[in-house]
Amino acid sequence: MQIQWFPGHMHKARKEVKETLSRVDLVIEILDARIPYSSDNPMISTLRGAKPFIKVLNKCDLADPGLTRQWQDYLEREKGVRTLAVSSTQPERVRQITELCRKLIPGKGEGLNAIHAMIVGIPNVGKSTIINLLTGRVIAKTGNEPAITKGQQKINLRNGIMLIDTPGMLWPNIENSHSGYRLAATGAIKDTAIDHADVAFHTAEYLLAAYPGLLRERYRLDATPAGEYELLEAFGRKRGCLRAGGHLDLDKAAKILLS
């Protein structure tokens, strides 16, 4: 699947990030813990240079905990990179981000000598929710759709840390086809830019291979379906995803799987 969704504001945001990076002390990148590789913007790693880098694996409550730990170990092999696995359901874990900022930038964060941290992430990764938890109030607009934040803004956490928030950014050429599907499946790409059935088939193929037991439990199936279409048909009929003549409404079943 070729991603053809790169709104104008993302191009503008990329230029602004490049200009602002020279004035920040460290970078915080929010990743989706379900797809750490696919949600890691290669442009950010290239631009950050030697600045300390915190990679936050958000939505860890929706991810495989064993794989999340493996990804943290892998990511921290890179010099200057630290990781945290967090979830909006556990605000105290999110607040550990500020503690880690202080450890990485010792000697700053007191009085007027604030730590300046740029926070970045792909669309719909939960960046705005994390910002609101860090501030203890609603600062950034949130929603279950990508590309809500349109421009940079400075946010004073009032604890010696100044956040520079940036719009959710993809990169123009997503060459890895698996990454394109996974970004689409987890909501990083606008619904109007994807074929739901195509994405659902790819997602179903992966889940059937990796987590067949969880699929049977989730959709109350007596046996593991033989393939992707059989999975969509098995729960689609239970959910009433039918067209005239009793035929499966594939698009409707696909949207249920993805949501």
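Thr98 counts as buried because its relative accessibility is 12%, where buried means under 20% relative accessible area, exposed over 50% and partly exposed in between, with a 1.4 Å probe and protein chains only. The structure is a predicted model, in which local features need pLDDT of at least 70 and side-chain atom pairs count only at pLDDT 80 or more, while totals for chains, interfaces and linings use all residues. Residues are numbered from 1 along each chain as its sequence is written, and side-chain values use heavy atoms, with hydrogens and water left out.

Thr98 belongs to helix α5 (residues 96–104); helices (H or I, at least four residues) and strands (E, at least two) are DSSP runs numbered from the N terminus. A distance of 8.7 Å separates the C-alpha atoms of Thr98 and Asn159, which are 61 residues apart along the chain.

Strand β4 (residues 115–121) is mostly covered, with six of its seven residues buried. Two strands pair if DSSP finds at least two bridges between them. β4 runs parallel to strand β1 (residues 26–32), to which five bridges join it, and Val27 has Met118 of β4 as its bridge partner. Five bridges also link β4 with strand β6 (residues 161–165), again in the parallel sense; here Met118 stands opposite Ile164.

Strand β3 (residues 81–85) is likewise mostly covered, four of its five residues being buried. It is joined to strand β2 (residues 53–58) by five bridges, and the two run parallel. Phe53 stands opposite Val81 of β3. Together, β2, α3 and β3 form a right-handed β-α-β unit, meaning that, with the strands pointing away from the viewer, the path from the first strand over the helix to the second runs clockwise.

The largest pocket holds about 1600 Å³ of space. On a 1 Å grid over the protein atoms alone, a pocket is an open set of points where a 1.4 Å probe fits, with protein on both sides within 12 Å along at least five of seven lines; lining residues have an atom within 4 Å of a point. The lining comprises 44 residues, and Arg34, Ala185, Thr186, Thr203 and Leu258 lie nearest the centre. Elements giving two or more residues to this lining are α3 (65–75), α7 (177–185), α8 (196–210), α9 (212–219) and α11 (250–258). The most, five residues, come from α8. The lining residues divide into 23 nonpolar, ten polar and eleven charged. Domain 1 (7–165) and domain 2 (195–258) both contribute to the lining, so the largest pocket lies between them.

Methods: Points joined across faces, edges and corners; volume = space filled by probe spheres on them. Nonpolar A, V, L, I, M, F, W, Y, C, P; charged D, E, K, R; others polar. Domains from an automatic or database assignment.
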